[in-house]
Amino acid sequence: MTSTAENVQSPSPLARRWTVRSFATTWASQIGITVAFVVLWLAFILLAPDTFLDNRIYVSFAQTTPYFALPALLLTMVIVSGDIDLSFPSIMGLGMVGFIAVERTTGNVGLAVLAALAVGALAGLLNGVFVTFIGIPALVVTIGTLFLYRGLTLALVNGRSFALVEARDSEMSRVLIGRLFGIPMQFVWLVLVAIGTWVLLYRHRLGQNAHVIGDNRPAAKLMGIPIRRTRIILFVLVGVVSALAGVMNSLQVSNFYPGVGAGYLLPALAAVFVGGTSVFGGRGTIWGTFIGAFMIGAIQAGIVAMGIEAFWTEVIYGGIILAAVSIHAVLQRRFER
Amino acid sequence: MTVREDGRVAVELRHIHKSFGGVRVLTDVSFRLSAGEVLGLLGDNGAGKSTLIKIITGVHQPDSGQILFGGQEVHALTVDQARALGVETVFQERALAEQLSLWRNIFMGRPISRAFGILDVRRMRRITVELMGESMGFTSAALTPDTHVTGLSGGERQGLAIVRALHFEADIIILDEPTMGLSLKETDKLLHFVKGIRTAGKSAIFIDHNIFHVYSVADRIVVLDRGRVAGDFPTSRYTLEEVTEIMREVAATGKFIEPERHRATDAASRPDQAAGAP
């Protein structure tokens, strides 16, 4: 069949036809970040083969990266909807207060985890209510609650730490931070949450509405999209998943200290934006955040393993983030039309 | 004209008043839109056109006055209610999400979903392909249901918004400055489509600055000036030159001045009651 005949016969030329260009257009940012990840990884293998050809470093990444990658996944959705949540590191701590309270009174770790998730949900709900009902920009509200939730955490436990040796031995602990065929459960959970978030963002009404709200809020209003409800749900989801990350992190070190999660704000944000999610909302990538998180996680270890003076860590960190975000901006312009 | 004889009123506004923070935007606005009628809404910037439209679409609630759909008064109209009553707005660009694909835009706010809110993407894509081929006349091979709106021309965007309104079986289609930014050829296409709305027995309110566009498709013209209805007349009553003259007078004086040709013959008849065809 000649191409002309094809054009005449097909009712419209709109049937999905695979071309390099359409593929690149659709997946520009995903391809970009994946290539960058592979390049970075090969560079680390070349420059620090002892570390990066050893299984242990990957087990370590699989355990520690999820602590900020989990909130980053849900944060991606929030950013797609045009909001932001800076308070999740404090929710990681506040959720653990609920965990400790229930674990110390009932001794049931499963219940304690549920309590932590409930506290996380409430914290997220409060963020959402402030943002949508009082109408304060999410950036400002969550800076406030970043302090508020951390302060509450410190005040409620009097700044004390709690040993979690017994909790660590529980069945629940094995489900959260044990191993499955040698793979750390943190990583398994991360993959599960990533798949769930992907479905929510691209294949669910919630994500469809989040996209429209982030892209064009007046249009969302005109089209009758439940803007307030959608935004609140997203904040609640960030809260729940952050609390889960806080529980995992505390169980891993068999200790709850009220500062848990405090260092994860910038790595999580970096993962989202290095991944290719738009700062302006309306467009985001779960795959990008997933890969971005591991890039961020690997940089620190890689720099140390390469024998570069640790003082340079942040310089290289910053450089890689800027490079990644610039590549996204260029790819975006190149392939948008 | 068949329009008024049909008699079925699609929407009627009675004595609508609306102020924003002490500023009167609409004062005692009344008009009717009959089924199968294309109504041109003309008026300068700030005349209250968009506020009026937002009241019909449920975005704003009037301070006083009544809104009737098919003769039934609707209290505290919301956006959802207005949509359920068949009001669809085609806003210039504003109602499209640029970074999203065509199918996501077509089904914006009304996605087809299965259990647990999971989207039926395949079905939405298929319907989008059908709509693009049949109704939009998109022929460019570069366009697929997954094309982002940023890749569309102004006319294509307009077409997308209109097709969306039609797909959801709107009874009253509101076109807010639909010709803005369109090339001549695209404008012709659009005007042709607006005529098609009437043929389909549906109603439209066509808002535009351009008298020529409105005159060529509207059955009746309502002129808004500083929040009041300054004129309401069937298009067939006047020539294009006379309408232009009327508009100029309204803009200058705020008053409706009957063009000379009609002054002698029916000086007694008020323009807004002059519904019948000559």
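Reader: Which residue in S4(B) stands opposite Val11(B)?

Author: That would be Phe69(B). Bear in mind that this is a predicted model.

Reader: How do you know that strands S1 and S4 of chain B are paired, and which way do they run?

Author: DSSP has to find at least two bridges between two strands before they count as a pair. Strand S1 (residues 9-20) and strand S4 (residues 64-69) of chain B are joined by 5 bridges, so they pass that test. They run antiparallel.

Reader: What makes a strand of chain B an edge strand here, and which ones are they?

Author: An edge strand pairs on one side only, and that goes for S2 (23-34) and S5 (72-73) of chain B. The sheet is an open one of 4 strands, ordered S2-S1-S4-S5, with antiparallel pairing.

Reader: How do you know how far to trust chain A?

Author: Look at the pLDDT, the predictor's confidence on a scale from 0 to 100. Its mean over chain A is 86, with 91% of the residues at 70 or more. Residues 1-16 of chain A are another story, with pLDDT below 50. That stretch does have 16 contacts in the model beyond near neighbours in sequence, but where pLDDT is low, the predicted coordinates should not be read in detail.

Reader: What makes a residue of chain A count as in contact with chain B, and how many do?

Author: The C-beta atoms of the two residues, placed from the backbone, must lie within 7 Å. On that basis 25 residues of chain A touch 33 residues of chain B. Helices H11 (205-215) and H12 (217-222) of chain A each supply at least two residues to chain A's side, and H11(A) gives the most, with 6. By class, this side of chain A has 10 nonpolar, 8 polar and 7 charged residues.

Reader: How do helices H6 and H13 of chain A cross?

Author: The axes of H6 (residues 109-133) and H13 (residues 227-252) of chain A come within 7 Å, crossing at roughly 145°. The crossing is right-handed. Their contact has 18 nonpolar, 8 polar and 2 charged residues.

Reader: Into which domains is chain B divided, and where do they run?

Author: Domain 1 covers 2-86 + 171-273, and domain 2 covers 91-163. These bounds come from an automatic or database domain assignment. The contact takes 11 residues from domain 1 of chain B and 6 from domain 2 of chain B. On domain 1's side, helix H7 (residues 184-199) of chain B gives the most, with 4 residues. That side of domain 1 of chain B splits into 5 nonpolar, 2 polar and 4 charged residues.

Note on methods:
Residues numbered from 1 in each chain as written. Chains lettered and ligands numbered in written order. Predicted model: local features only at pLDDT ≥ 70, side-chain atom pairs only at ≥ 80, totals over all residues. Nonpolar A, V, L, I, M, F, W, Y, C, P; charged D, E, K, R; others polar. Axes fitted to C-alpha atoms, helices over the stretch in contact; angles between N-to-C directions. Left-handed = near helix turned anticlockwise from the far one by under 90°.
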